[in-house]
Amino acid sequence: MGEKEDEMSIGFIGAGKMAQAMTRGFLASGIVAKERITASAPTSQSIEPIKTFGINVTTNNRTTVQKSKVVVVAVKPNVVPTILKEVSSCVTRDHLVVSIAAGVKLESIEQDLPPETRVVRVMPNTPCLVQNAASVLSTGRWVKNGDGELVKKLMKSVGSCQESSEPILDAVTALSGCGPGYMFMAIDALADGGVKCGLPREMAIQLAAQTMMGAAKMVLETGRHPGQLKDDVCSPGGATIEAMRSEER
């Protein structure tokens with residue numbers, strides 16, 4: 001079976017914004033106590049922000065692995081091979097390695113670690129920073145029963161999480177990984193329209209952001225197709241259908 005929650009200890013290699021957001025979610029959900037979380041970063045200065053959560057911190061990545069059963073690799077993709085080779089001698093079958101590095105495939109991670117290492121790859125997105133991530137995970141060849149469910153539970157403390165096969169993670173990256181950028185662009189455009197019509201900028205941004213959040217919640221909670229919900233807003237001869245017609249030209 002996978003790691004039992006009452007025995008779980010979590011380590012972050014990398015202490016940036018995503019690691020901080022996940023730490024905040026794990027602590028808020030009560031999944032793990034702060035005394036059982038360790039994070040490492042190259043310098044004392046870079047470790048300082050995550051230290052405010054009261055967790056254990058170190059500048060030694062090997063120490064993080066030795067003190068943890070679940071090891072989250074939360075570094076930039078280009079340094080993942082170097083980090084894995086650095087800690088490889090400390091990794092055992094008792095460890096579950098979770099990578100949130102975009103584009104780094106399971107096979108590559110497994111090759112840089114001891115044979116039969118349990119590996120899970122997760123693609124979260126930046127709304128993780130406000131506990132509203134949309135994440136998808138894929139499990140490696142050597143995971144134990146329950147490993148995927150454990151990682152899913154961890155990631156659900158910072159948003160939603162689904163499990164799928166690795167080949168679709170590139171599409172996940174394009175949709176939910178890049179998606180916040182599209183959403184911010186849409187909010188900005190809506191706010192610009194509001195300003196053009198005379199609204200104060202701050203009010204326009206607030207209205208646009210709240211409108212997008214409310215519309216998203218309707219999609220998630222009603223289960224209805226977005227096209228149906230759009231049609232509900234489009235009264236015959238009304239302003240919305242006229243705007244839609246203009247957009248579709």
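This report walks through the fold of one chain, from its overall layout to a few local contacts.

**Overall layout**

The model is predicted, so please read every value below as computed from predicted coordinates. The chain contains eleven helices and eight strands. Its C-alpha trace spans about 70 × 35 × 35 Å along the principal axes. Of the 249 residues, 39% count as buried. Contacts between residues 24 or more positions apart make up 62% of those with a separation of 6 or more.

**The sheet**

Let's start with the strands. They form an open sheet of eight, in the order S3-S2-S1-S4-S5-S6-S7-S8, and the pairing is mixed. At the edges stand strand S3 (56–58) and strand S8 (159–163); each has a single partner strand, so one side of each is left without a neighbour in the sheet. From one strand to the next, the twist averages 20°.

Two of the strand pairings can be followed in detail. S1 and S2 run parallel and are joined by four bridges, with phenylalanine 12 standing opposite alanine 39 in S2. Strand S4 (residues 70–73) and strand S5 (residues 96–99) also run parallel, again with four bridges. Here valine 73 has serine 99 in S5 as its bridge partner.

Helix H1 lies across S1, strand S2 (37–40) and S4, and runs at about 165° to S1.

Which aromatic pair turns up in a search of the whole structure? There is one such pair, and its members are phenylalanine 12 and phenylalanine 26. A pair of aromatic rings is described by the distance of the centres and the angle of the planes. For this pair the values are 6.0 Å centre to centre and 20° between the planes, and the arrangement is stacked. Because phenylalanine 12 lies in strand S1 (residues 10–13) and phenylalanine 26 in helix H1 (residues 17–29), the pair ties together parts that are 14 residues apart in sequence.

Leaving aside residues up to four places away in sequence, threonine 64 touches Gly11, Phe12, Ile13, Thr38, Ala39, Ser40 and Thr58.

| Residue | Relative accessibility | Class |
|---|---|---|
| Phenylalanine 12 | 0% | buried |
| Phenylalanine 26 | 1% | buried |
| Threonine 64 | 0% | buried |

Each value lies under 20%, the cut-off for counting as buried.

**Helices H7 and H8**

Finally, a helix pair. Two packed helices are described by the angle between their axes and the distance between the axes. Helix H7 (residues 169–177) packs against helix H8 (residues 179–196) at an angle of about 25°, and their axes are 5 Å apart. That angle makes H7 roughly parallel to H8, because angles under 35 degrees count as roughly parallel. On the H7 side, the contact involves Ala174, Leu175, Ser176 and Gly177, which meet Gly179, Pro180 and Tyr182 in H8. By class, this contact has four nonpolar, three polar and no charged residues.

Definitions and conventions
Residues are numbered from 1 along each chain as its sequence is written. This is a predicted model: local features need pLDDT of at least 70, side-chain atom pairs count only at pLDDT 80 or more; totals for chains, interfaces and linings use all residues. Side-chain values use heavy atoms; hydrogens and water are left out. Axes are lines fitted to C-alpha atoms, for helices over the stretch in contact, and angles run from 0 to 180 degrees between N-to-C directions. Angles under 35 degrees count as roughly parallel, over 145 as roughly antiparallel, 65 to 115 as roughly perpendicular and the rest as oblique. Contact means heavy atoms within 4.5 Å. Ala, Val, Leu, Ile, Met, Phe, Trp, Tyr, Cys and Pro count as nonpolar, Asp, Glu, Lys and Arg as charged, and the others, Gly among them, as polar. Rings of Phe, Tyr and Trp (its six-membered ring) pair if their centres lie within 6.5 Å; planes under 30 degrees apart count as stacked, over 60 as edge-to-face and the rest as tilted. Buried means under 20% relative accessible area, exposed over 50%, partly exposed in between (1.4 Å probe, protein chains only). Two strands pair if DSSP finds at least two bridges between them.
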